[in-house]
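Subject: Structure for you to look at, with notes

Dear colleague,

I am handing over the structure below, and my notes on it follow. Please read them with the model open beside you.

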Amino acid sequence: MHVPLSPHEVIQKPPLPHEELTDVIKLAMWAGQLLLQYGADTARIEETIHRIGTALGCDWLDIIVLPEGIIATTVSGTEFRTKVRRIVRMAVNFSVLDEINTLSHQIVQGKADRFTTRAELRRISDMGHSYNRWVVVGMVGLGCAALSRLIGGDFAVFGVTFFASAGAMFIRQEMLSRHINMMVVVVTTSFVAQMLASVGLLLNWGNNPRLALAASVLLLVPGVPLVNSAQDIFQGFLTTGIARAINGTLITLGIAIGVVFASSFLRLGGF
Amino acid sequence: MILFTILEDALWSAVVSVGFAILFQAPRKTLFGCAVAGGFGHAVRRFFITLGMAIESATFLGALVIGFWALYFSRRHKTPSTIFSISGCIPMIPGLTAYGAIQSLINLTSSTPDTGVFIVYDAILGLIRTGLILMALTLGILIPRLVFQREKPVV
């Protein structure tokens, strides 16, 4: 199959009117911005922007994804538009990635035009959380508690870990909803998890109370940045890959700082 | 007996995967896939560890299994495969090893030259092992995707 190498080879589409061209780049980059904000890998972001832009009538798009934003140019006939879109937050929300993926396929199949695309993107932007916050607190507690079973704890350790990580998750949600700096949130959450889990150490519950201390901070592990970073670097997106690796390392260091703080407190009590 | 250990292992790691999938706000239809990927991956790792394989290689094999399950579920539900692979690999995160390494580093501040040598050994070993397991994990879940999910390049 012949893959077009430059914009000049693909001029079979009719050129778009000015306001439509402006609209297309706006919509394509909106989708890209949502993907970058909520934890997609760089290849997916580029592909999605390109797919939406060309399906809505552009001839070609050139896209650069940076850790803090996206730069793109759409080309249609002899006209072009360039735009920068900055991300406004960093979070993980897989539901958004799923919805944008579905939307981009609908656009390619011709089931969504510019107007339905805008309505859908508005809905996805305003979607919020798919789970009630207490469900998240409970399930994260249960997840960390199950991790403590996997590393060899008994049911007393299980209970302490559940209590500690659910409490830490609650504190984390409270801090995140008050827009506190990400690193402060990580250090504080890790510290709180350690202090709550040390109850088991204090009362000497379970076969090895230290396992609860190790398992309760795992709700903070930067799984998404680290996996995305490896994937970006393997696919040649070094800028975003390195930025995400540094982000993941910083979060890991933040967890360690919380642990160190907590254990120097516990040492005062003779542990 | 060994079968029972592995089944229990799979059950708990499925719980871990679902818990973290919910933390990452994964769509409801994907939760079952996350549980299957996480459960199978960790059970495979436990199986090879009981056979006597080193934890790093066993992690790589477990992560490969997660990667293939993630591809299967991503095609079935028409959704990004990262949802399944990231949630599935959380049970294999070397949390205890990393925690032990940090504890050794803290203990180093209150050690004498005699005991310090062993503490440094522990800390460095823990850090290296953590790094190797993490690398095996990410490589394992990426390889199936990079090999079998090549779309025709659009950019």
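Predicted model: local features only at pLDDT ≥ 70, side-chain atom pairs only at ≥ 80, totals over all residues.

I begin with a helix of chain B and its end. Just after α2(B), Gly52(B) takes a positive phi of about 105 degrees. The helix α2(B) itself covers residues 31-50, and because its 20 residues at 1.5 Å a residue should span 28 Å, the 29 Å between its end C-alpha atoms agrees with expectation. In chain A, helix α1 (residues 18-37) likewise has 20 residues, and from its first C-alpha to its last it reaches 29 Å, close to the expected 28 Å. Just after α1(A) comes Gly39(A), with a positive phi of about 90 degrees.

Chain A has an open sheet of three strands in the order β1-β2-β3, with antiparallel pairing; its edge strands are β1 (60-65) and β3 (79-86), each of which pairs on one side only. From one strand to the next, the twist averages 10 degrees. The pairing of β1(A) with strand β2 (residues 69-76) of chain A is antiparallel and runs over six bridges, and Val65(A) stands opposite Ile70(A) in β2(A). Helix α1(A) packs on this sheet, touching β1, β2 and β3 of chain A, and its direction makes about 150 degrees with that of β2(A). Helix α2(A), for its part, lies across β1 and β2 of chain A and runs at about 155 degrees to β1(A).

As for the overall division, chain A falls into domain 1 (7-125) and domain 2 (133-268), whose C-alpha centres lie 35 Å apart. Eight residues of domain 1 of chain A are in contact with nine residues of domain 2 of chain A, and on the domain 1 side these divide into five nonpolar, two polar and one charged.

Which elements of chain A give two or more residues to the side that touches chain B? The contact takes 46 residues from chain A and 36 residues from chain B, and the elements in question are α2 (42-55), α3 (94-108), α5 (133-150), α8 (210-216), α9 (223-234) and α10 (238-268) of chain A. The largest share of that side, ten residues, comes from α5(A). By residue class, the side of chain A that touches chain B divides into 28 nonpolar, eleven polar and seven charged.

One residue deserves a separate note. Tyr131(A) sits in the loop between α4 (114-125) and α5 of chain A, and because 17 C-beta neighbours lie inside 10 Å, Tyr131(A) counts as partly exposed. Leaving aside neighbours within four places in sequence, Tyr131(A) is in contact with Val136(A) and, in chain B, with Ile22(B) and Gln25(B).

With best regards

Methods: Residues numbered from 1 in each chain as written. Chains lettered and ligands numbered in written order. Domains from an automatic or database assignment. Contact = placed C-beta atoms within 7 Å. Nonpolar A, V, L, I, M, F, W, Y, C, P; charged D, E, K, R; others polar. Helix = DSSP H or I, 4+ residues; strand = E, 2+ residues; numbered from the N terminus. Expected span 1.5 Å × (residues − 1). Buried ≥ 20, exposed ≤ 12 C-beta atoms within 10 Å, placed from the backbone. Pairing = 2+ DSSP bridges. Axes fitted to C-alpha atoms, helices over the stretch in contact; angles between N-to-C directions.
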